[in-house]
Amino acid sequence: MACGDDGKLSLDSIRDSLIRQEDTIIFNLIERIKFPINPTLYKQQLPPSNISGSFFQYLFQETEALQSKVGRYLSPEENPFFPDNLSDSIIPLTKCTPVLHPAAESVNVNEKILDIYINQMLPLFCTEADDDANFATTAACDIQLLQALSRRIHYGKFVAEVKFRDSTDEYKPFILAQDRDALMKLLTFEAVEEMVKKRVAKKAKVFGQEVTLNDSVEEMKGKIDPLLVSRLYDEWVMPLTKLVEVEYLLRRLD
Ligand SMILES: C=C(O[C@@H]1C=C(C(=O)O)C=C[C@H]1O)C(=O)O
């Protein structure tokens, strides 16, 4: 949501943005799986070391701190993974009417995203071959991918805001009762979720194709398994987006 876009806020426009973000996630995934898991990156400090935490954590924190200085986290679409480590922005805040309720700032599921990413996603998508020592490049891919996943998942705040504005009378009683289950049921569109799963699998097949100058129609193995991408959305991306939607709605009347 760009500044001043409040008038264009609709479920269709938000869904269009989610569709475009699928491309970013799938391209970033294809980049990350060029490398093996590289577990050393996440587990231990690399010598010589005067840093605390893993090399990955160090790189990610420093990247966020730098990006924060140039205003990344002034955008309501961006949510930091290490909020305690940020410097103030040197760029002034643009004055525009906020789209989201102020409580949006307190909704951040990045700790969950990072845990799932390292412990479940990487083993699913990457080979367990030995470390290839491309630690800095691997971490750069991780950071891009994690930020894309986080942006998509936290877009749930905008989805929830639109659903609330469109059907306030339906949402209000469940918010007042702080009824998570009823909110989850109300905001879920199973048919949309089925389409998302099919579309991301198709995109993974198309984006992962080997492009050659040979016109023979021989099917080649793609760079990424489409079924895994569909599973990524089914098991993690959509449930976490809905978790963000529920968390936001629970605070919407604060
Ligand atoms: C994002 C939405 O809310 C829910 C979550 C979805 C998702 O994460 O893709 C899809 C449908 C809904 O169940 C939506 O309605 O578009």
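Which helices each supply at least two residues of the shell around the ligand? They are α1 (11-32), α6 (156-166), α9 (190-207) and α10 (226-251). Keep in mind that this is a predicted model.

The ligand is surrounded by 15 residues. The closest are R15, R152, K163, F189 and E193. Helix α10 gives the largest share of the shell, with four residues. What classes of residue make up this shell? Seven are nonpolar, two are polar and six are charged.

Now look at single contacts. The side chain of E193 has a polar atom 2.5 Å from an oxygen atom of the ligand. R152 also reaches a ligand oxygen, with a side-chain N or O atom 2.9 Å away. E245 has a side-chain N or O atom 2.9 Å from an oxygen atom of the ligand. How much of the ligand does the protein cover? On its own, the ligand has 360 Å² of accessible area, and the protein covers 99% of that.

K163 and E245 form a salt bridge through their side chains, at 3.3 Å from N to O. The bridge ties together distant parts of the chain. K163 sits in helix α6 and E245 in helix α10, 82 residues apart. Are these two residues buried or exposed? Both K163 and E245 are buried. Other salt bridges share partners, and they join R20, E22, D23, R199 and K203 into one network.

How many salt bridges does the whole structure hold? A search finds 17. Two of them involve E78. One is with R72, where the closest N and O atoms are 3.1 Å apart. Another is with R151, where the closest N and O atoms are 2.9 Å apart. The E78 and R151 pair links distant parts of the chain. E78 lies in the loop between α3 and α4, while R151 lies in helix α5, and 73 residues separate them. Why does E78 count as buried? Its relative accessibility is 16%, and buried means under 20%.

Helix α5 spans residues 135-154 and also holds Q147. Q147 counts as buried because its relative accessibility is 7%. Follow the chain from Q147 to N79, and you find them 68 residues apart.

Next, turn to S54. It lies in the loop between α2 (40-43) and α3. S54 has 9% relative accessibility, so it counts as buried. What does its side chain reach? A polar atom of the S54 side chain lies 3.0 Å from the backbone nitrogen of Q57.

Finish on the surface. Which residues form a nonpolar patch there? They are V70, L74, I90, I91 and L93. Together they have about 480 Å² of accessible area. Take L93 as an example. It is found in the loop between α3 (55-69) and α4 (110-125). L93 counts as exposed because its relative accessibility is 57%, and exposed means over 50%. E78 belongs to the loop between α3 and α4 too, yet E78 counts as buried at 16% relative accessibility.

Key: Residues are numbered from 1 along each chain as its sequence is written. This is a predicted model: local features need pLDDT of at least 70, side-chain atom pairs count only at pLDDT 80 or more; totals for chains, interfaces and linings use all residues. Side-chain values use heavy atoms; hydrogens and water are left out. Patches are made of residues with over 30% relative accessible area and no salt bridge: like charges are joined within 9 Å, nonpolar side chains (Val, Leu, Ile, Met, Phe, Trp, Tyr) within 5 Å. Accessible areas come from the Shrake-Rupley method with a 1.4 Å probe; for residues, only the protein chains shown count as cover. A salt bridge is a side-chain nitrogen of Lys or Arg within 4 Å of a carboxyl oxygen of Asp or Glu. Buried means under 20% relative accessible area, exposed over 50%, partly exposed in between (1.4 Å probe, protein chains only). A residue is near a molecule or strand if one of its heavy atoms lies within 4 Å of it. A polar contact is a pair of N or O atoms within 3.5 Å; within protein, one must be able to donate a hydrogen and the other to accept it, and residues adjacent in sequence count only if both atoms are side-chain atoms. Ala, Val, Leu, Ile, Met, Phe, Trp, Tyr, Cys and Pro count as nonpolar, Asp, Glu, Lys and Arg as charged, and the others, Gly among them, as polar.
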